[in-house]
Amino acid sequence: MANSNAKGDRRERELVNALDEAGFAVMRAPASGSATERELPDVLTGDGETFYAIEAKSSAGDPIYLDGAEIEALLFFARNFGAKPRVAARFDREDWYFFHPGDLYTTDGGNYRVKKETAIAEGTDFDEFVGNTRKVTLDEVADDSGPDQAILDILAAFERGDLSKDEAAAMLE
């Protein structure tokens, strides 16, 4: 019988390798909790300025649930270690997405949940997490000032017939 944790272990190693390739110092906690009586996060990583304690979870597509005690242990360890606590969620055929535990949905029973669609829409993707990119929202890209007044003047002149199409195009280049 295959180890029931084999897929999770493989995903954790995948995350460790990706963080290493991105230039982070990284270590995977041995058996993260089962090898010791202390609750340890799955991964410890840092880039020399920022350090993270990460609880990593993966799923084939179903929501990912985390026990409330797991999150409490992550927060406790991160605070005492001086790291930022993060939950890393990985769904099949998707990248890793990162969340602060406080941003996760809390169930009535005091546990935590991450849905695939929430991870994609609201999570920090891997590239942003390692500092390669920054997620930009449509609101940030929207330019409230509208088009440049000079462009509007050229278009109005074309519309009135004061400029030919070729003249207007040349002026807009």
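Me: Let's start with Ala 56: in which element does Ala 56 lie?
Reply: Ala 56 lies in strand β3. Strands are DSSP runs of E with at least two residues, helices are DSSP runs of H or I with at least four, and both are numbered from the N terminus. This is a predicted model, where local features need pLDDT of at least 70, side-chain atom pairs count only at pLDDT 80 or more, and totals for chains, interfaces and linings use all residues. Residues are numbered from 1 along each chain as its sequence is written, while side-chain values use heavy atoms, with hydrogens and water left out.

Me: Why is Ala 56 called buried?
Reply: Buried means under 20% relative accessible area, exposed means over 50%, and partly exposed is in between (1.4 Å probe, protein chains only). Ala 56 has 8%, so the word buried applies.

Me: What makes the link between Glu 12 and Arg 28 a polar contact?
Reply: The term asks for a pair of N or O atoms within 3.5 Å; within protein, one must be able to donate a hydrogen and the other to accept it, and residues adjacent in sequence count only if both atoms are side-chain atoms. The side chains of Glu 12 and Arg 28 make their contact at 2.7 Å. Glu 12, in helix α1 (residues 6-21), has a relative accessible area of 8% and is therefore buried.

Me: On to the rings: why is the pair of Tyr 52 and Phe 129 called tilted?
Reply: Rings of Phe, Tyr and Trp (its six-membered ring) pair if their centres lie within 6.5 Å; planes under 30 degrees apart count as stacked, over 60 as edge-to-face and the rest as tilted. The whole structure holds four aromatic pairs. In the pair of Tyr 52 and Phe 129, the centres are 4.5 Å apart and the planes lie at 45°, so the pair is tilted. Tyr 52 is in strand β3 (residues 51-59) and Phe 129 in helix α4 (residues 126-129), so the pair ties together parts 77 residues apart in sequence.

Me: And what makes Phe 98 and Phe 129 a stacked pair?
Reply: Their planes are at 10° and their centres 3.8 Å apart, so this pair is stacked. Phe 98 sits in strand β6 (residues 96-99), 31 residues from Phe 129. Both Phe 98 and Phe 129 are buried. Ring pairs join Tyr 52, Phe 98, Phe 126 and Phe 129 into a cluster.

Me: What about Arg 11 and Glu 14: how do their side chains meet?
Reply: They meet in a salt bridge at 3.2 Å, N to O. Both residues lie in helix α1, three residues apart, about one turn of the helix. Arg 11 has a relative accessible area of 11%, so Arg 11 is buried, whereas Glu 14, with 29%, is partly exposed.

Me: Last one: why does Arg 93 count as exposed?
Reply: Arg 93 has a relative accessible area of 76%, so the word exposed applies. Arg 93 lies in the loop between β5 (84-91) and β6.

Notes. A salt bridge is a side-chain nitrogen of Lys or Arg within 4 Å of a carboxyl oxygen of Asp or Glu.
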